[in-house]
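Please read this briefing alongside the sequence and the three-dimensional view shown below.

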Amino acid sequence: MRISTDKVISLLFFVLSAFYLHQTYQIQVFSFDENAPFNAKTFPTFLAYIGMFLSILYVVLPENKPTKVDHKVLDYRSSIYLVIITVIYGFVILRAGFFLSTSFFLFFSYYFLGERRWIWMFILSFPFVALFMFLLHGILDVYLRDPLLKLLGIIG
Amino acid sequence: MIEGILIGLETALSFKNLLMVMMGCFFGTIIGMLPGLGPMTAIALMIPITYGFEPATGLILMAGVYYGAVFGGSTSSILINAPGVPGTVATSFDGYPMAQQGKAGKALAIAAYSSFAGGTIAAIFLLFAAPSLSKVSLAFRSPDYFALMILGLTAVAAFSSKGQFLKAMMMVVLGLMLASVGQDSLSDITRFTFGNINLLDGISFVLVVMATFAMSEALTIILKGKDPSRATEQISLSKLGSIRLDKEERNKMLKTIPRSSVLGFLVGVLPGAGATIASFLAYGMERNFVNEDEKQKFGKGSVQGLAAPETANNAACSGAFVPLLTLGIPGSGTTAVMLGALLGFGIQPGPRLYMTNPEIFWSVIMSMYIGMVILLILNLPLIPYIARVLATPKNFLIPLILFFSVTGIYLMSFNNFDIFLMIGIAVVATFLKLYNFPMPPLILAFVLGGLMEENLRRSLLISDGSFNFLWDRPLTAIILAITVTIISWQIFKSFKK
């Protein structure tokens with residue numbers, strides 16, 4: 001018997017709902033609240049059971065038209081690269097500061113997506129981020145953490 | 001009242017104040033386009049600037065910023081599927097598909113006209129019905145709000161294509177689950193945080209929207225980059241299209257705007273409801289009103305699907321001023337900031353404002369309207385230029401969308417955890433979207449989740465655990481009857497097919 005990916009996702013949703021229900025029972029409510037008509041557990045408990053019910057219903061009922069995805073035409077490589085670069089960006093933004101981390105993030109993202117127009121890649125990274133920072137920090141007075149620019153005395 | 005309107009017009013139409021409202025609209029539009037900086041931030045940013053001004057001038061600048069920010073949010077929703085403002089999430093449901101079909105100019109024009117019309121109708125309501133409506137808004141109790149949230153969830157049907165209703169419902173449950181993370185609002189008990197202090201305040205709405213819309217859309221475009229069926233989409237993306245509406249489109253809008261304005265204004269009047277819920281309700285309501293052919297276009301670039309939320313969110317923005325100006329109660333986060341600004345000017349909003357400071361009361365109302373006129377005049381000629389964002393090559397546009405998404409979250413919390421959480425949700429959302437699990441129901445449920453639980457809790461506690469509250473109050477019963485009618489009608493029609 002072959003099961004469609006849609007149904008596999010529904011089964012995963014069932015597991016998620018069951019885990020959510022388990023976590024709901026771990027919520028420590030105050031003793032005086034234990035038998036109250038509504039406490040911190042009530043709504044999540046409803047949700048967990050509804051989630052389990054819906055997912056089982058999807059698995060059991062016959063499917064109209066299972067979704068077909070042609071994995072051969074999907075560009076997983078570029079997507080994974082982009083996710084990795086964004087994760088690295090998330091790691092370094094607080095340490096290296098907004099200007100450098102964002103500029104390098106943009107520059108390398110353009111590169112990994114196949115862009116090779118170096119001048120545009122540069123303009124749309126370093127000067128673009130500087131302009132963005134000027135708008136936010138200089139004009140709108142929105143705080144942007146940047147230890148490097150602070151050290152250089154460029155921002156306050 | 002005529003005298004008051006004339007006083008308001010005289011103040012609002014002075015050269016200095018007109019200049020202020022123009023500047024406000026311009027900066028508001030730019031701020032609104034940046035994810036994470038909505039109208040609330042925009043107005044907060046203006047408070048220190050306006051302290052040296054006369055109260056009326058300061059408030060006029062803020063009104064311009066407010067409407068500009070809402071329009072700016074719509075622009076980023078339509079062009080890059082990154083709603084800069086929560087109230088414009090529903091705008092992206094049909095606005096973004098229209099832009100993808102090479103009708104970005106038209107989508108922006110529809111948004112501008114609808115916003116203007118919604119704001120105009122709401123301003124008229126505000127002029128004539130503000131004092132009486134403020135009393136109605138206070139008549140709403142928890143059971144009524146709970147019923148209203150349930151009614152809001154019926155909009156889910158709008159996002160489920162044939163045979164996909166269960167998928168949409170699963171996304172609703174997932175959205176409600178995400179909304180339940182963090183401290184319980186009444187008891188402060190932590191739920192589903194797994195000991196992580198970053199989750200104590202729950203998951204931010206902007207984070208979920210950015211992850212499921214902007215970021216996952218960017219990843220989907222890259223993922224499907226080699227798909228030959230996407231090639232035509234890429235070509236149409238670079239087209240701006242005309243901003244002129246044909247007769248059929250105008251007629252469609254003429255039907256949508258009045259009903260969405262009334263709904264948006266009434267929802268805006270209710271404290272705590274606001275533009276986001278108004279836009280979702282209007283979207284769902286519009287889908288129930290249109291014919292079967294138009295219904296099929298919802299979510300794929302429907303004119304009415306775009307006009308309804310845009311009209312409603314602007315009408316709700318005006319509606320939110322009713323409890324603020326007449327009762328001194330801020331009905332939304334933005335009006336709470338406005339209240340702070342009013343108090344800073346030494347003005348106490350409330351029933352006496354109308355008598356003690358008529359020039360303030362009327363000039364705020366008139367400047368809100370003038371702000372919308374200026375916004376339309378400023379933005380319509382700019383639409384072809386704004387829409388050129390889509391002509392940016394994919395290799396540049398995608399990283400810029402990711403940059404705006406990450407920056408939006410970073411500016412809110414200065415926290416790595418939120419960025420990683422956003423990336424995680426975006427990856428899951430991209431995978432789910434591949435298999436036609438719709439994201440709008442998740443967002444809708446996420447918005448309504450907190451309010452729904454809060455009002456269910458109050459209702460159950462007041463009724464001592466009995467579900468009688470569902471039919472005890474006539475207002476609750478009426479709203480629930482409308483909900484049941486809509487659901488029954490959907491089921492009946494699906495059987496009829």
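This is a predicted model: local features need pLDDT of at least 70, side-chain atom pairs count only at pLDDT 80 or more; totals for chains, interfaces and linings use all residues.

Residues are numbered from 1 along each chain as its sequence is written, and chains are lettered from A and ligands numbered from 1 in the order in which they are written.

**Interface between chains A and B**

- Contact, defined as C-beta atoms, placed from the backbone, lying within 7 Å, links 54 residues of chain A with 47 residues of chain B.
- On the side of chain A that touches chain B, two or more residues each come from α1 (5-26), α2 (42-60), α3 (76-96) and α4 (98-112) of chain A, where helices are DSSP runs of H or I with at least four residues, numbered from the N terminus.
- The largest share of that side of chain A, 11 residues, is supplied by α3(A).
- By residue class, the side of chain A that touches chain B holds 33 nonpolar, 14 polar and 7 charged residues; Ala, Val, Leu, Ile, Met, Phe, Trp, Tyr, Cys and Pro count as nonpolar, Asp, Glu, Lys and Arg as charged, and the others, Gly among them, as polar.

- Chain A is divided into domain 1 (5-60) and domain 2 (74-151), with bounds that come from an automatic or database domain assignment.
- The centres of these two domains of chain A, taken over C-alpha atoms, are separated by 40 Å.
- Leaving aside residues up to four places away in sequence, Met422(B) touches Leu207(B), Met210(B), Ala211(B), Met215(B), Ser405(B) and Ile409(B).

**Helices of chain B**

- Helix α8 (residues 165-179) of chain B has 15 residues and reaches 21 Å from its first C-alpha to its last, close to the 21 Å expected at 1.5 Å a residue, the expected span being 1.5 Å times one less than the number of residues.
- Of the 15 residues of α8(B), 13 are buried, so this helix is largely enclosed by the rest of the structure; buried means that 20 or more other C-beta atoms, placed from the backbone, lie within 10 Å of the residue's own.
- Leu148(B), in helix α7 (residues 142-153) of chain B, counts as buried with 25 C-beta neighbours inside 10 Å.
- Leu148(B) and Met452(B) are 304 residues apart in sequence and 8.9 Å apart in space, C-alpha to C-alpha.

Methods. Two residues are in contact if their C-beta atoms, placed from the backbone, lie within 7 Å. A residue is buried if 20 or more other C-beta atoms lie within 10 Å of its own, exposed if 12 or fewer, and partly exposed in between; C-beta atoms are placed from the backbone.
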